[in-house]
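Here is a protein model to read alongside its sequence. Start with the picture, then work through the points below.

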Amino acid sequence: MSGFRISFDKGNSLNKILSCEGRMDIMKVVQKKVLALLLVFSLVLALAPVVAVGAVSEDKDKDSYEVRYAYTMNTYDSTEKMQKFTAWYENETGEYFYPEYFAGFQMLEDGKLAFLVTDDSDTVKNTVKSIVGEDVSFIKVEHSFNELYRAEKELWESNFAKENASLNTSLNLQENVVDVFIDGDELEQEIVSYSESSLFHVQSNDEWERKMQTVPERIKPLTEEELHSEVSITEKQDFMKAITTIHPGATTIFGSVYGTLSFCALDGSGNRIFITHGHDLNIDNEISISGSTVGKVVKRFYRSTTYPLDFSVVKVNSGIKISNQINSTSVRITNNISSDYTLKSYVGATIYLYGSGIGGETSAVLSVHDYDVDMVCIYLNNNNKIGEGDSGAPIYMKSGTNATLLGIDKGITGSIPWGISLELIKKNYELYVYQKNTEY
């Protein structure tokens, strides 16, 4: 495909990607691959944090290890993709010719790569992905890289360039314009043809200096020492595989103990937590979902095999969100039973569970039993489906897409499935159950 050759920015400006600076020869071609690679790395290290598209969710700590690790790994992957793309359009003499749809690269705030394109058709997207692979996004812009390059070239060949000694230019691919910088007194000269064109952004050199001094908030990539710390590479890679949002009812793996998540909540200190069964769980046990660590046990409550008090509190790692939406359903827990007395009024009603043992949602009939003045146990009559793997499943009443939380399934005693009421859990641990359609 046809295209103009790229020139290399002899300066080291953060906001300059490809430029013609001062009176440099704008037709100079980058013929050494190492210069192209330097260009790619400058995009990753200098420009990536500046871009506001695809920002990290507000509930994630930008300084946390998990977020910084994910960002670092994403930038490595993006660098490789940019190298593949530039190499694809390198000819046998080391020159680079880009297709007319290509307008540059843009790094999203999470470190992933977006292609700037003038044509976002499936044909173009499939062409790009056939070169660099999947997991790239596309942003449609007005001007191609070649068009901006030609405009910059023509500017430097014009009388305007000859008459303005302070002229500097830069291809600003992030804003899809040619930045034109001149001294303030020269701004008063006749520059209408440039200032009114969508190809150019004419501004004073003072503005250029101000931009260079502006340091945006950014995610800091991990240093080599941090990347190869005491946490093994395998553990880091496992985190990358973790689900990003925990839903009640998600299948869980606690070492060799299988079970189901119960419900997500905030504790009295505002920490994001989820409640699950406490079988064989100890304080500080790390909890995995789909093979990836998402949090650890901070509290465990139990009486004995006789009494139904058996649940654990898991504090969620940073970078993991939790939701009140039941896994794989449209149902959200938006209310909860306020007392065991109220719970008794629902005896005989149809209730629901979402368990890993049953492989999803199932219905049952509610019954309750008083163990003592402080304990009410939930019985799930007429349901023989519940078994191993369903411990910790949320028990709720459903009305359309909203659900009222009653408690959690604890397991089976004899042939009777039973669980713990929400009120009993709340008596033992200060928490706030979600009552809004929100993910935290």
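Lys398 lies over the face of Tyr352, 4.3 Å from the ring centre. A charge counts as over a ring if NZ of Lys or CZ of Arg is within 6 Å of the ring centre and within 35 degrees of the ring normal. This is a predicted model: local features need pLDDT of at least 70, side-chain atom pairs count only at pLDDT 80 or more, and totals for chains, interfaces and linings use all residues. Residues are numbered from 1 along each chain as its sequence is written, and side-chain values use heavy atoms, leaving out hydrogens and water.

**Aromatic rings**

- The structure holds 16 aromatic pairs. Rings of Phe, Tyr and Trp (its six-membered ring) pair if their centres lie within 6.5 Å; planes under 30 degrees apart are stacked, over 60 edge-to-face, and the rest tilted.
- Phe85 and Phe105 form an edge-to-face pair, with 6.0 Å centre to centre and 85° between the planes.
- Phe85 lies in helix α2 (residues 65-88) and Phe105 in strand β1 (residues 102-107), so the pair ties together parts that are 20 residues apart in sequence. Helices (H or I, at least four residues) and strands (E, at least two) are DSSP runs, numbered from the N terminus.
- Phe85 counts as buried because its relative accessibility is 0%. Phe105 is buried too, at 6%. Buried means under 20% relative accessible area, exposed over 50%, and partly exposed in between (1.4 Å probe, protein chains only).
- One aromatic cluster includes Phe85, Phe105, Tyr89 and Tyr149.

**The open sheet**

- Three strands form an open sheet in the order β4-β5-β6, with mixed pairing. Two strands pair if DSSP finds at least two bridges between them.
- The edge strands, β4 (168-172) and β6 (200-204), each pair on one side only.
- The twist averages 20° from one strand to the next. Axes are lines fitted to C-alpha atoms, for helices over the stretch in contact, and angles run from 0 to 180 degrees between N-to-C directions.
- Strand β5 (residues 177-182) pairs with β6 in the parallel sense, over five bridges. Ile182 has Ser204 in β6 as its bridge partner.
- Helix α4 (residues 145-156) lies across β4, β5 and β6, at about 175° to β4.

**Asn205**

- Asn205 is found in helix α7 (residues 205-213). Asn205 counts as buried because its relative accessibility is 13%.
- Leaving aside neighbours within four places in sequence, Asn205 is in contact (heavy atoms within 4.5 Å) with residues including Ser166, Phe181 and Asp183.
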